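Colleague: Hi, could you walk me through this one? I'd like to ask about it piece by piece.

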Amino acid sequence: MVTIDLAQIPVRDANEQIRNYGEAGEDVEVINPDARHHIGVGLTSPISVHVKGSAGYFCAGLTDQATFYIDNNVGWGLGDNIYSGTVVVGGNAGAIPAIGIRGAEIIIKGNMGSRAGQVMKAGTLLCAGNANFMAGYMLYGGRIIILGDSGERVGEDMTGGEIFVGGKVQDLGSDAKLTDMTEAEHDSVREFLDRYEIPFKGNFQKIVNAGQKLRYGSPERQMRSIPFFTFSGASPYWNPKVQEDIHIKSQSGRYRIRGYGTARALPHLSDLAFAKDLSRINDSADVISKVHMYTEIGGLNGANPLKLSMPVMVSPMSYGALSRSTKHAIGLASAMSDIAENTGEGGMSDAQRSAAKQLIFQCLGGRLGWNIHDMKRADGLEIYISQGAKPGLGGQLMAKKVTKELADIRGIPAGIDLRSPSRHPDILGADDLVIKVEEFREATGYRLPVSVKLGAGRVRDDIKIAVKDGFDFIELDGMQGSTGAGSSEVIDFVGIPTLAAIIEAEEALAEIGRRQDTQIVLMGGMRDGVDAIKGLCLGADAIGFGTSVIIAGGCIACMQCHVGQCVTGIATQDPNHEKRYKPEIEAQNIHRFFESVRWQIAAITHALGYDDVRQLNRGDLVALTPEAAAITGLPYRPVGSESQSEVLAS
Amino acid sequence: MAVYDINRILMPDAPSEYVDDTGQGHYVPAPCQVACPVGTDAPSYIAYIWEQKFEQAFEAITATNPFSSICGRVCDAPCEPACRRTDSDGPVQIRNLKRYVMDKLGATWTPDACPVTRKQSVGIVGAGPAGLVAAHDLSTAGFKVDVYEMSDRPGGMMVWGIPAFRLPPGIIDEDIDRLHQKCPGLDIHLNTALGRDIKLNELKERHDAVLLCIGAWWGKAMGVPGEQDERVVDGVGFLRRVNAGERPQLPHTVVVVGGGDVAMDACRVAKRLPDCEHVIVVYRRGPKEIPARAIELKGAVDEGIEFLYNTQQVAVEANGKGLSLKCVRTDLGEPDEDGRRRPVPIAGSEHSIGCGMVIAAVGQQGENDELDHLGMMLKDRVKTEWETMRTKDPKVFAAGDGAFGGSTIVMAMHHGQRAAYYIKHYLEGNDHPLPYRTPYRTRRVPVAQDLQWELLPEQHPKFFGLGDNPIQFPEIEETYSRETALKEAARCYRCDAETGSADYSVQQREHIFSMARTNPLDAAKNHAMLSCLLEVRENPVPDNKPASLDDIVFLPANLSRLVIDPYREACKVDTEVGRGLPISHPLLVTGFDSTPVEVRQAVAEGLKVVDSPYVGQQPLSDDGRWWQLLTRATPPSHKAEVVLYSAHDLPASINAARPYSGQLVGIYVSDPMDVPKAVQNGLDQALDVLLLDGSGSITTPWAELKGAPDFSLLRDAIALLRKLDREEEIDLVWFGGIRSGTDAAKILGLGTVAVVQGTAIGIAAGGEIQNESLVFNSDLNEDDRSTAVINLIKANIGEASMMARCTGKTVLYNIEPEDLRAITLVTSKLTGIPIVGTGNSSVTELI
């Protein structure tokens, strides 16, 4: 047993020591904890840590196999995402104890705060006292035992798992119901109480999911989409698309769902042109060797940056929305082109990890697939706040796509209609977010860049907060980003276009004097090197490609990703469809796509008279439409105006 | 054209005399169409088949192909390997679909005749696919055409090279008859051979131009010792005998040397002839390299033919009564000039195959003594320049296998089209026409709405193989049934067409596909690609685009809104109007005052279930909630919970004391000019509701169908109230153009408490849009109509709530103008909502 005195050393050093002792098999005692945050975070060895006093936020978070004893009280997020192990708290716990745990036994001898066990997947949370409101909120699996009173709205929107209440069930949450407890469950709970020597004589009431929400009587009729040009532009107000929406909604009784990005032409980078004559493009033979494109992203606060051979990375797309084979192909291609790949929501597979040279691991509110081991083998961590396609809403994965393998990797029951929450349980404000970011850094030894992904909305405000929260870089996703499944109306009408997003971001950064050191990765509807270079001119530091990557790999843009029976084997988990996809062949196609992007970026940069992509700037662009001019503030030079015609003639 | 070569990126212009749609938006020729040498609009005919519009399908099929009946059975179908579905679960069976249509209409269709309109004439030597297609194109261009054919039948290799079990004679007649009907000025002179019966000079005198399509009629030698034995025959010669009607007795074992289509036909013919029990195909490369079409290969295997791959003949020896074909085994070496890996003999692998006959199908060549004598021949074909299709004689052109070596029927047809093009320009005195390019058309057929399209496997017609009496050469397979044809047609990806994606349009997807198929070192392709990408797209906001709710977006809650309503998975939608009138949700309904009674009843029932008040001059039912629209002729009814006076027709003094207790009173205003008066009256008399009618006339049935609503009423009413600082004193309700919950949420966000839906509910209830009105003639029953109305209102409430949740609200009415942004200037101007980005609307002046 060694003693670590938090009055003497900071938590960061203490955690480093705890992990080292853990590897050596040495138990640890922490004195003078004084409710400091992040105590023990990231420990993955089977040792015991005794906190002699009270702990702050995220005590024992992101750990595996360890045993924690905390003598007094703990702050919120106790045992965040624990994989396995034991935590015993002598006093009370703050909000969201056992958030997102994937195993482990957590015992709180006093009372516990609100939303206990939110998005928990497995394991047991026991509270010997009373629970505050919404215990078991969005519970996916595992069990919560409350010996005292349940608190209000217990089991709100739970999907799986059980809640046993020994005291009063104050009121049931939405889609929760009381049911009978089996003998075996009764015995199991008793055994658990006996093991931790917790006396309790009373009886339990059992709460489970009522199965009313997220299940629909009449599924939406599957249609191949109506081409956009028949309903956007100047076509009639009650166009065929409007009528089809009405017909389908009047059958299903709910909003329509589909995959892919916007179905309406919005202001886009395409509405910009280059200000200079690009005739030099034609005399550039070996342009790639003439332009410096290597880009490091994420080194702002001392983490190891992502090292990109060009200012390009793969946008986050999940294994779940996409098939394993597709993620594999994208991983391989990203390595061949020496750029970074991203897991998207829902976990990291071994195949994906080994295929991608650099891999960002994305963390969402549902904490699906999130775990300390994969964090440690990632090259970057990303906190998803929202995405361009459906900002402000949670994810949706139809039951058809939730296979056994996928459920295992996400840590949830197979075959459920999976809806992930619209926000993180432990990020309710900018201040929480700072502590969350620090937790990730603690857990991974400050080695990895931590980024935030934002669907473009109130970009001016959001960017300033993200900068203040100390992220290493920002991924800004305009509303032209795509999704595997989302409300068609949200895809088309929520958020702002990518073109506007980067403008607002740049202005916000300028206002706070952080333009020079804040890195932005712009994504959402980026299709080629020309789009990319316009994004770079407007101030982005790198560009994310998503949909175009899967198109390069065979997607035909039928917009039926949500159905789960993708004809090309891309957006499916059905093995009979997935086998249609040939990862090795498609990896080559995707790689060639990225190499074309590289060539295009180099050729235009060179033609503009530069030898480094970092020289690109706003002055290189003009606006072709009044909208683009208004949105960007760039000079308006419509096609046909004198200066523009020169540009086009080149 | 290879499907993904540079021409796909920068497609050269098609000559202007052809219909070509590649310059139009929203269309890119699909890979199958590009792979087709004659540019058949396969996606359109496939889609027409699914729609069961067979005549239109027939038109699309035959537009560029006078031998569609033949091609439906025996085309090499390069479209199918190019089909994108090939890589998934097998190509769309494009050829079988063509056959289905041709079997249906090919024999009976009578095309319009194209008369001779020009003075010049063209003489064509050879009535094969190249010659006859050229004849077709030149005839339809108005020239008099004479074709000179050495055999006794027109059709060339289509007749003499393909056995009847694959191509029954009646099918050939169908196409030839149709050709004659269409081209009355076309004469085919049979039994007239060049050199023997007619000289080139005579042709040149008789005609203004001559086209030589002499074919590759003669088999090439294998080049091995012993092949002079009379039991060694050439493949095309063998097929010619059989197609002439002979059914020779064959030895027990026959070896066919070669792996092309002639070899496939020869081996399958042999298998059907008397006494032949065993047929072996010897091919020098492996099964992956064999050039035979997969389906012919499979047919041969299914018929019991043995294949020896990686085996090369080295000699033929007489062996008593039989023959011995000496062979070696091969490995694949380096690629040769045509890109295929060269077979390399394996030392010590010599072996013999015993047989009674060897059929050498190792290639064909053209021969003609007269042309040879005139110095116009290369070793095996007429010396021809591909760029112009000319021979060394300025008046003489050449095409087809006899000019460019053995190929496929459809490629020969392409040659015929090219030659016709250059001959036509030559005759018109234009020596330097635009280079020929296959034109590509689209008929813009909608995508098949078959729900099974992703699941349906390849549909194969029934295969008969040898049949009961092989020597009769019965046809090997059946045509599709209607059911299988429709299923197969549903499988088409429609690579030519737009899907619903705006940013990934068909053109954009093809660019990405091309990028993914560009060698990074191919500078020419990279340059071509870049010049395409630099082209300017059409402005998505055309000058005449009106302000639209579509061009307003919601700003989602992200970091800046985290603390607002943290548990926002639910949303409150009920509220109160005026002096305490509760409404369960903000969606009211109007428009059914004069619809058929069964529709009124059904809608009334639906509205009761979802608790939506009806807004109209009459109630929909005795016990439903009703907001009464008053006209001068109608007094307020005690049954209405709200009475609304017309702003156009306001009484001197609205009885602000209210005629019935608990009843709310308001004004509806349809004319923007009346807004100030209505606002002033509403405030002065302390009324509850101001119903703003953006349709121009809420009392006219389906007035919303006239177009986009006029939002200036809302903008002006709010501006007035704000100016007076009395926004809280009267509730605004909006009518006009609300199509969805999203539209509703936007209007609520702009400052209204409820919206009235008319046309949308009418469509749900079975109304069809006709002449700016709704017509109810569908066969929905009352329950269906009620359910549809209930579902649509529920769905729209759900949508509106979702928009609130996206903006971080858990109460629908908390959406504010500040949560909205405009994405077009005209919408920004008309609604007062700032545009996204810099918010610099001063650019408006530029418009």
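Predicted model: local features only at pLDDT ≥ 70, side-chain atom pairs only at ≥ 80, totals over all residues.

**Chat about the model**

Modeller: Happy to. To begin with chain A, the C-alpha centres of its domain 1 and domain 2 lie 34 Å apart.

Colleague: Where do the bounds of those chain A domains fall?

Modeller: The domain assignment puts domain 1 of chain A at 2–209 and domain 2 at 271–555 + 573–632.

Colleague: And how many residues of those two domains are in contact?

Modeller: On the domain 1 side of chain A there are 33 residues, in contact with 21 residues of domain 2. Helix α1 (residues 11–24) of chain A gives the largest share of that domain 1 side, three residues. By class, the domain 1 side divides into twelve nonpolar, 14 polar and seven charged residues.

Colleague: Thanks. What about the contact between the chains: how many residues of chain B and chain A are in it?

Modeller: Chain B brings 97 residues, in contact with 114 residues of chain A. The elements giving two or more residues to the chain B side are α19 (506–515), α20 (523–533), β17 (552–554), α25 (759–764) and α26 (782–806) of chain B.

Colleague: Which of them gives the largest share?

Modeller: That's α26(B), with eleven residues. The chain B side has 50 nonpolar, 29 polar and 18 charged residues.

Colleague: Let's switch to the inside. How many residues are in the largest nonpolar core?

Modeller: That core has 473 residues, and B:I49, B:L211 and B:V256 have the most contacts inside it. Here α26(B) turns up again: this helix gives the most to the core, twelve residues.

Colleague: What is B:V256 in contact with, leaving aside neighbours within four places in sequence?

Modeller: The list for B:V256 is B:A263, B:A266, B:C267, B:A270, B:V279, B:V281, B:I359 and B:A361.

Colleague: Nice. How is chain B divided into domains?

Modeller: Chain B has domain 1 (6–217 + 366–427), domain 2 (226–363) and domain 3 (559–846). The C-alpha centres of domain 2 and domain 3 of chain B are 80 Å apart.

Colleague: Now helix α22 of chain B. Which of its residues are buried?

Modeller: In α22(B), residues 675–684, the buried ones are B:V675, B:A678, B:V679, B:N681 and B:G682. They sit on the same side of α22(B), because they cover an arc of only 165° around the axis.

Colleague: What do they pack against, and what is on the face turned away?

Modeller: The buried residues of α22(B) pack against β24 (664–669), β25 (689–693) and α23 (712–724) of chain B. On the face turned away from the buried side are the exposed residues B:Q680 and B:D684. Just after the helix, B:A686 takes a positive phi of about 55°.

Colleague: How far is B:K677 from B:H425?

Modeller: Their C-alpha atoms are separated by 74 Å, and the two residues are 252 residues apart along the chain.

Colleague: Last one: which residues of helix α18 of chain B are buried?

Modeller: In α18(B), residues 482–490, they are B:T484, B:A485, B:L486, B:E488, B:A489 and B:A490. These buried residues pack against α3 (42–50) and α7 (94–105) of chain B.

Definitions and conventions. Residues numbered from 1 in each chain as written. Chains lettered and ligands numbered in written order. Contact = placed C-beta atoms within 7 Å. Helix = DSSP H or I, 4+ residues; strand = E, 2+ residues; numbered from the N terminus. Nonpolar A, V, L, I, M, F, W, Y, C, P; charged D, E, K, R; others polar. Domains from an automatic or database assignment. Buried ≥ 20, exposed ≤ 12 C-beta atoms within 10 Å, placed from the backbone. Arc of directions from axis to C-beta. Core = buried A, V, L, I, M, F, W, Y, C linked by C-beta atoms within 7 Å.
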